[in-house]
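Open your viewer and switch to a cartoon view. We will go from one stop to the next, selecting a few residues each time.

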Amino acid sequence: MIEHGKREQPFTMTYNHFHKESEIYLLIEGHGELFLNSAIYPLKAGSLVLIDEEQVHKTNMMNCDHHERILIEFDTSFFENAIKSATHLSLKVFFHQYYGVIQLNDKLFALMQELLFAVNHEVAKKDAHHHNMINTLLTQLIILIMRYIDENPGAYTAPLKKDATHRIVTTTIDYIKQNLQQNISLDIISQHVFVNKSYLCRIFKATTGLSVHDYINNERIKHAKILLGTSEDTIESISEKSGYNNKSYFERVFKKYTETSPHKYRKYLKMSQDTARRISNNDNLSKP
């Protein structure tokens, strides 16, 4: 999915959200803030945002009367083979390593707009060989981003200074991520961050858009999805490695958060990779 949008009034997303697709977001005009992972980042024209799959995020443009942006969301597994053959880099690894907010210089800002609008054109028109063209454009885009960051490590935008509430939420998130395989309860977390449970629940939901319980499950299911796509472990083993001691309960939670079973999700990943490989091979065979 690619979307070019303009708004002539202040705007904010109603809720923090996450999705299975990775996202590339370029702010063309305007200014605002982005909540990502557990930090808040300032945004301005030329801000390029890389969001990994399943990362909780939300944009806020409430202090801006006009903004323009273009974003693309895509399943990395669909483009994995084509881009890996050109860059020797896994797209999943790229987003795991490079996510965040990057401030582009004028030259790359103009080039990124050109590439993203070209992808938008290919998706809309679906001309002959458009799959190959999209692969080529995305490959260029990924290489240019990696080159820019390698040459300008200071290009990453630093998060805004945390207030007391934000520090508590960040500490909670860090604790959850570091203890996914352990028994995590609201009592244990509240003792760790030295606040009562009711206050923790209230500020956590207000900051992240998720309850503590939902955030724990989201992080565990995210971990399980990675294992399903990168290992040959059994479902029972993946359940245990993701913090669920009961396989049946894990399968129920997985289905609640993904609308499919672990087995079907693993099968879907394989089919996506096979489809992308077949499309790439067909396009290559059709070349003169």
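This is a predicted model: local features need pLDDT of at least 70, side-chain atom pairs count only at pLDDT 80 or more; totals for chains, interfaces and linings use all residues.

**Stop 1: helix α7.** Select residues 197-208, which form helix α7. Its 12 residues reach 16 Å from the first C-alpha to the last, close to the 16 Å expected at 1.5 Å a residue.

Stop 2: Which residues of α7 are buried? Color L200, I203, F204, T207 and T208 to see them.

**Stop 3: the neighbors.** Show β4 (31-36), α5 (164-178), α6 (186-193) and α8 as well; the buried residues of α7 pack against them.

**Stop 4: α5 against α7.** Here the two axes come within 10 Å and cross at roughly 90 degrees, which means that α5 is roughly perpendicular to α7. On the α5 side, select T165, I168, V169, T172 and I173; they meet Y199, L200, I203, F204, T207 and T208 in α7. This contact has 7 nonpolar and 4 polar residues, with no charged ones.

**Stop 5: α8 against α10.** Move on to residues 212-230 (α8) and 247-258 (α10), whose axes come within 10 Å and cross at roughly 100 degrees. The two helices are therefore roughly perpendicular to each other. Among the residues making the contact are I221 and L228 of α8 and F250 and F254 of α10. By class, the contact of α8 with α10 has 8 nonpolar, 4 polar and 2 charged residues.

Key
Residues are numbered from 1 along each chain as its sequence is written. Side-chain values use heavy atoms; hydrogens and water are left out. Axes are lines fitted to C-alpha atoms, for helices over the stretch in contact, and angles run from 0 to 180 degrees between N-to-C directions. Helices (H or I, at least four residues) and strands (E, at least two) are DSSP runs, numbered from the N terminus. Angles under 35 degrees count as roughly parallel, over 145 as roughly antiparallel, 65 to 115 as roughly perpendicular and the rest as oblique. Contact means heavy atoms within 4.5 Å. Ala, Val, Leu, Ile, Met, Phe, Trp, Tyr, Cys and Pro count as nonpolar, Asp, Glu, Lys and Arg as charged, and the others, Gly among them, as polar. The expected span of a helix is 1.5 Å times one less than its number of residues. Buried means under 20% relative accessible area, exposed over 50%, partly exposed in between (1.4 Å probe, protein chains only).
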